[in-house]
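Please look through the structure below before reading on.

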Amino acid sequence: MLAGLLAGCLLPVGVLGGLSGGAAAAGEGDPARFTVALLNEVDSFNPFLGIEVESYEMWALTYDYLVDFSTEDLSLQPSLATDWESSDDGLEWRFTIRDDVTWSDGEPLTADDLAFTYSRVLGKGPESATWKSWLAGVTEVEAPDDTTLVMSLSRPNSVLPMVPIPIVPQHVWSEVSGEAMKSFAAEPTDGAPVVGSGPFRLVEGTAGGSTYRFEANPDYWNGAPHVDEVVFRVFKSEDPAVQALVKGEVDFVEGISALQVDSLEGRDGVLAQNADTPGFDEISFNAGSVDLETGEPIGDPNPAVLDPEFRFAVGLALDRQQLVDTVYQGAGRPGSTIVPPGYATFHWEPPAEDLAHDPERAAALLDEAGYTVGADGLRTLPDGSPLGTLRLFARSDSATSTKVMAYFKEWLADLGIDSEVTTVESSKLTDIILAGEFDAFEWGWFVDADPTSMLSYMTCDQRGSWSDSWYCDDEYDALFEAQGSELDPEVRAEQVKTMQETLFRDAPYLVTAYNTTGQAVRSDRFACLLQQPAETGQWIFQQGTHTYRSIRPAAEAGDCDGATSATEAAAAGDEEGPGAGLLVGAGGLVVLLVAGVAVLVVRRRGTAEDRE
């Protein structure tokens, strides 16, 4: 299912009971509490159900993963697995699992827990919808002993050992049946924290709520965190969130606009940045919503949006540079395909003339395809009947979305196409999309640690699940299967590029922009935040929990244990004032090729503004 980005509730200061006082500086004996302002709620603490980027952040705090990614260059590094190897034919992978990890309730974490988690994903329950593409070709996962994990495959898997699936405790989750999994909350109950192995334990919070509190795990195998608590507060919009930062009610704000970043420049005790993200925004068409049981159409999409020629022609009316300059305030770059340019090995760049703002060519292509202009100045369908009014949807919880669709409506009108923009909450839009009751909408994605996951969302099997365009093409599906087992990096890269070209020509998506995200921290209170990748990346919402484990009160920062990419405390020697430390993303994504695979930050549904 799509990620429904829900509008949060502004939380008044001092209503949190044990959290009263917000982010006030800790006194002697008080816990070191790092408070983060979010602009979107968690949709589920269950890593088999959630789909929003905030949920992924909470899972990373709670659970560990098979492998991790470095902060410097996102290269693969050990996590629960300390070593791994595959057979020459790629049909068996063997992992050595740590022997010093315990769950937060004291039970040992063993290879059995990994085998249990992956076996649930390989089943037919809700666990498979989100994660199964990472285990493509895997037929069996076994744990012959506590420190050995073996994966058997029917065909090679080109993304292994990169498996970003949270590992859950078998002794807890084995009690959750397949049917119960569909509603299992994985939240604190009866005052007991969620059982996990990560650096923090969820002790307070419910999905859709306005506050989530995590306590540090003092026995974490990779070193205890330097703060006692991490608290997330949900705000309705970025203005009150930024004001909360300025007033000292929160210590960090995530996902603010470039204008807000500019407004914080030079302010004492604050560092802000526009960080690079591996994300894109798009206008998505209804490419063919159907009842998956009967194959019959559902939702009554306009016949025009079902036609690839119509969709491609309309794309030529987009002025992507204008969107970047105005809607994104310059914090981004024009978009092209669903694999961002940071994936240097995999990205396919369309010909410049097919990305240009060219309404004359758009009109000519529409004419050629039979969508001619009638006596009333509006275009008709190829059979001569009125094209009618396209149903466009924007998200009320995103100014980006509403502005982009306002522009799109104008550009359609210039082509003689009538349209109407309806603004709804993201959660409502999810329902509309699944019902097929739309012609086009605006949203966006973060791309995972390998493009295979994003590519999978466009396959026929994902309709009614992660697909939001209802796109289905047999040749595309065949290429997806082929690249998933191709062990020659160069061959696989060409297959992925061909897939992008297919999508670009069929145009279920019009990729509008590659974006950045604004972040700010009270550097007079906390230091030692790490960027991932170094110099241009995000401080939080990373691949891993690096900043949460590294961050510490400014007075205790020292040299941040020698981490060269860490922020330093403002009081620890920023002679030009904290404002001089304003960081602006360079606009390019940094990647490292690991065995021919481009590695980037794992993220799910969201847009530049909505990962806030």
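A pocket and a cavity are both found on a 1 Å grid over the protein atoms alone: a cavity is a set of points where a 1.4 Å probe fits but cannot get out, while a pocket is an open set with protein on both sides within 12 Å along at least five of seven lines. Lining residues have an atom within 4 Å of a point. Grid points are joined across faces, edges and corners, and a volume is the space filled by probe spheres set on the points. The model is predicted, so local features need pLDDT of at least 70 and side-chain atom pairs count only at pLDDT 80 or more, whereas totals for chains, interfaces and linings use all residues. Residues are numbered from 1 along each chain as its sequence is written, and side-chain values use heavy atoms, with hydrogens and water left out.

The largest pocket has a volume of about 540 Å³. Its lining consists of 24 residues, and K132, S133, D461, Q462 and E481 lie nearest its centre. Two or more lining residues come from each of α3 (127–131), α14 and α15. Helices (H or I, at least four residues) and strands (E, at least two) are DSSP runs, numbered from the N terminus.

Which element gives the most to the lining of the largest pocket? It is α15, with five residues. This helix spans residues 474–484, and its buried residues are Y476, D477, F480, Q483 and G484. They lie on the same side of α15 because they cover an arc of only 130° around the axis. Buried means under 20% relative accessible area, exposed over 50%, and partly exposed in between (1.4 Å probe, protein chains only). The arc is that of the directions from the helix axis to the C-beta atoms. The face turned away from the buried side carries the exposed residues D474 and E475. The buried residues of α15 pack against α14 (452–456) and α16 (489–506), where contact means heavy atoms within 4.5 Å.

Helix α9 (residues 320–327) has the buried residues R320, L323, V324 and V327. Seen down the axis of α9, these fall within an arc of 105°, so they line one face of the helix. Among the elements that cover them are α8 (308–315), α12 (399–414) and β17 (509–522). Just after α9, Q329 takes a positive phi of about 55°.

Are the faces of strand β16 covered or open? Both are covered, with A440, E442, G444 and F446 buried on one side and F441, W443 and W445 buried on the other. Two strands pair if DSSP finds at least two bridges between them. Strand β12 (residues 270–285) is joined to β16 by seven bridges and runs antiparallel to it, and F280 stands opposite W445. Strand β14 (residues 389–395) is joined to β16 by two bridges and runs parallel to it, with F393 opposite F441.

Finally, V230 lies in strand β10 (residues 229–234). V230 is buried, with a relative accessible area of 0%. Not counting residues up to four places away in sequence, V230 touches F34, F200, Y212, R213, F214 and Y548.
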